[in-house]
Amino acid sequence: MATTVYDVEEVELQDGSVLKLKPLAISRLKRFMTVMNTAQEATTEDKALEVLIDACIIVIESQYPELAKDREKLEDALDVPTINRIIKICGGIDLEDPNLLAAAVLAGTN
């Protein structure tokens, strides 16, 4: 019997739907990281949210294509804590990590 080395976590969205999330496969992770790297260029909170939503679309498009294709519906179903959780589970990036936040502040001052 094979051993699974990752956890699957269920996350409930604002609309009541439940996503089963796990770490991304490398092919999707590459696309995800490319999108996340564009966050450095975001000059407003709206643009930063757009990047995070784009990253969430990459995460969910294979399992929940109907939700991923309807950006308005997806935006109605997401909130910031849920976005942060999706990105942490699937992409391994903890947006609430104090070290990451401190690095972002320092980068903004240089």
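Guide: Helices here are DSSP runs of H or I, at least four residues long, numbered from the N terminus. The model is predicted.

Visitor: In which helix is Leu52 found?
Guide: The model has a helix spanning residues 45-60. Leu52 belongs to that run, helix H2.

Visitor: Is Leu52 buried or exposed?
Guide: Leu52 has 15% relative accessibility. The cut-off for burial is under 20%. Leu52 therefore counts as buried.

Visitor: Which residues does Leu52 touch, not counting residues up to four places away in sequence?
Guide: Ile87 is one of these partners. Leu52 and Ile87 are 35 residues apart along the chain, yet their C-alpha atoms are separated by 8.1 Å.

Visitor: How many nonpolar residues does the contact of H2 with H5 have?
Guide: H2 brings Leu49, Leu52, Ile53, Cys56 and Val59. These meet Val80, Ile83, Ile86, Ile87 and Cys90 in H5. By class, no polar and no charged residues take part, and the nonpolar count is 10.

Visitor: Does Cys90 count as buried or exposed?
Guide: Cys56, at 1% relative accessibility, counts as buried. Cys90 stands at 3%, so it too falls in the class buried.

Visitor: How are H1 and H2 oriented to each other?
Guide: Their axes come within 9 Å and cross at roughly 175°. Angles over 145 degrees count as roughly antiparallel. H1 and H2 are therefore roughly antiparallel.

Visitor: How many charged residues does the contact of H1 with H2 have?
Guide: From H1 come Arg28, Arg31, Phe32, Val35 and Met36. H2 supplies Val51, Leu52, Asp54, Ala55, Ile58 and Val59. Eight of the residues are nonpolar and none is polar, while the charged count is three.

Visitor: How are H1 and H5 oriented to each other?
Guide: H1 covers residues 26-37 and H5 covers residues 80-91. Their axes are 11 Å apart, at an angle of about 135°. Roughly antiparallel needs over 145 degrees. H1 and H5 are therefore oblique.

Visitor: How many polar residues does the contact of H1 with H5 have?
Guide: Leu29, Phe32 and Met36 in H1 meet Ile87, Cys90 and Gly91 in H5. Gly is classed as polar. Five residues are nonpolar and none is charged, so by class the polar count is one.

Visitor: Which residues does Thr82 touch, not counting residues up to four places away in sequence?
Guide: Thr82 lies in helix H5. At 9% relative accessibility, Thr82 counts as buried. Its partners are Val11, Glu12 and Leu13.

Technical notes. Residues numbered from 1 in each chain as written. Predicted model: local features only at pLDDT ≥ 70, side-chain atom pairs only at ≥ 80, totals over all residues. Heavy atoms only, no water. Axes fitted to C-alpha atoms, helices over the stretch in contact; angles between N-to-C directions. Helix = DSSP H or I, 4+ residues; strand = E, 2+ residues; numbered from the N terminus. Parallel < 35°, antiparallel > 145°, perpendicular 65-115°, else oblique. Contact = heavy atoms within 4.5 Å. Buried < 20%, exposed > 50% of the residue type's maximum accessible area, 1.4 Å probe, protein only.
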